[in-house]
Amino acid sequence: MGFDLGRFHGEVDEELICSICSGVLEDPLQAPQCEHAFCRSCIHEWFLRQQTCPVDRTPVTTAQLKPVPRILRNLLSRLLITCDNSSFGCGAVVKLDRLTAHEAECEYNPKRPVQCQQGCGLVIPKDELKECIRTITISHPYVPNLVESIGQDEISRWTSSLQRARVTRWGGMISTPDVVLQAMVKRALIESGCPSHIINDLMENAHERRWPSGLSTLETRQTNRRQYENYVCKRIPGKQAVVVMACDNSHMNVDLLLNPGLVMIFAHGIE
């Protein structure tokens, strides 16, 4: 089925119109002899009834169809078309060859994948946000446990994708990172695929004011230094920093852990 002619800005040459659906050609194919062009889906549906060209009834089979010439594809690609989401408020007019990319990113696209902001971390179509599992936790006694399980699975998949790290100089730990340094590490976390619902917590836990009791003061850090070697640390890509996630460190004492985990930033000493 071709594109609705009414969506186009400017004049559309009749050679670019499918004679079956009367729309602008979409993914076109042409007959080999007469060179009449049709939308791929239209001509395939036509062939279910008869094996002829819809225009001049010349015998033709599916196997004989071929792509339209480059000049025709170029003419199609330059046509200006309104976004399919115009009824939802999008006013964009783009070249036809950019339509698919635009609609995938269009903020008005009701089917655009977005991440739930209620804390479950699920990525679902925009128009299904209201049906997110988080919205029914009050009405169903088993859903909270399910949501927590989903969130933990997502965190585990992310930490599994990170490289194991070894800290060689615990003395290089920066207990009070400045805003610029924290912003750099946060961006690296985002780029690594860190679940969005835990990023802010992890970055808050990068400062000693949020560290567990076993790390809260210089004295306790010195006392517990030997225990640090038992941490399972994962490298934050490209940075002198690691995450120590609770899901990876159930073997550690509770006074050395935080949920969901903590970020440790170093001046040096990461392998």
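In the predicted model, strands β2 and β4 are joined by two bridges and run antiparallel. Within this pair, Leu 29 stands opposite Pro 67 in β4. The two strands belong to an open sheet of three strands, ordered β3-β2-β4, in which the pairing is antiparallel. The edges of the sheet are held by β3 and β4, and each has a single partner strand, so one side of each lacks a neighbour in the sheet. Helix α1 packs on this sheet and touches β2 and β3; the direction of α1 makes about 95 degrees with that of β3.

Helix α2 spans residues 70–78, and the buried residues in this helix are Leu 72, Leu 76 and Ser 77. These residues lie on the same side of α2, because the arc they cover around the axis is only 135 degrees. In general, an α-helix has 3.6 residues a turn, so residues three or four places apart point the same way. The other side of α2 carries Arg 70, Ile 71 and Arg 78, which are exposed. The packing partners of the buried residues of α2 are β2 (28–30), β3 (37–39) and β6 (93–95). Two of these partners, β2 and β3, are also strands of the β3-β2-β4 sheet.

Strand β13 is mostly covered, with six of its six residues buried. Gly 261, Val 263 and Ile 265 point one way from the strand, whereas Leu 262, Met 264 and Phe 266 point the other way; all of them are buried. β13 pairs with β12 in the antiparallel sense over five bridges, and Val 242 has Met 264 as its bridge partner in β13. Strand β10 (residues 173–174) is likewise joined to β13, by two bridges, and these strands also run antiparallel. Here the bridge partner of Ile 174 in β13 is Ile 265. The bridge partners Met 264 and Ile 265 point opposite ways from β13.

The loop between β12 (241–245) and β13 (261–266) contains Pro 260. The peptide bond from Asn 259 to Pro 260 is cis, with omega near -5 degrees. Glu 271 is placed in the segment after β13. The C-alpha atoms of Glu 271 and Arg 164 are separated by 8.9 Å, although the two residues are 107 residues apart along the chain. When residues up to four places away in sequence are not counted, Glu 271 touches Arg 164, Ala 165, Arg 166, Thr 168 and Arg 235.

Backbone geometry was also examined for positive phi. Most residues other than glycine have a negative phi, and most peptide bonds are trans. Asp 27, which is not glycine, has a positive phi, near 50 degrees. Asp 27 is located in the loop between β1 (8–9) and β2, and counts as partly exposed because its relative accessibility is 45%. Arg 57, also a residue other than glycine, has a positive phi near 65 degrees. This residue lies in the loop between α1 (40–47) and β4 (66–67). A relative accessibility of 45% means that Arg 57 counts as partly exposed.

Two aromatic pairs are present in the structure. Phe 3 and Phe 8 form an edge-to-face pair, with 6.3 Å centre to centre and 80 degrees between the planes. Both Phe 3 and Phe 8 are buried. Tyr 228 and Tyr 231 form a stacked pair, with 6.1 Å centre to centre and 15 degrees between the planes. Tyr 228 is buried, with a relative accessible area of 2%, and Tyr 231 is buried, with a relative accessible area of 4%.

For the protein as a whole, there are eight helices and 13 strands. Of its 271 residues, 41% count as buried. The protein exposes about 15,700 Å², and 49% of this area is supplied by carbon and sulfur atoms. Among contacts between residues at least 6 apart in sequence, 50% join residues at least 24 apart.

Conventions: Residues are numbered from 1 along each chain as its sequence is written. This is a predicted model: local features need pLDDT of at least 70, side-chain atom pairs count only at pLDDT 80 or more; totals for chains, interfaces and linings use all residues. Side-chain values use heavy atoms; hydrogens and water are left out. Helices (H or I, at least four residues) and strands (E, at least two) are DSSP runs, numbered from the N terminus. Buried means under 20% relative accessible area, exposed over 50%, partly exposed in between (1.4 Å probe, protein chains only). Contact means heavy atoms within 4.5 Å. Accessible areas come from the Shrake-Rupley method with a 1.4 Å probe; for residues, only the protein chains shown count as cover. The arc is that of the directions from the helix axis to the C-beta atoms. Two strands pair if DSSP finds at least two bridges between them. Axes are lines fitted to C-alpha atoms, for helices over the stretch in contact, and angles run from 0 to 180 degrees between N-to-C directions. Rings of Phe, Tyr and Trp (its six-membered ring) pair if their centres lie within 6.5 Å; planes under 30 degrees apart count as stacked, over 60 as edge-to-face and the rest as tilted.
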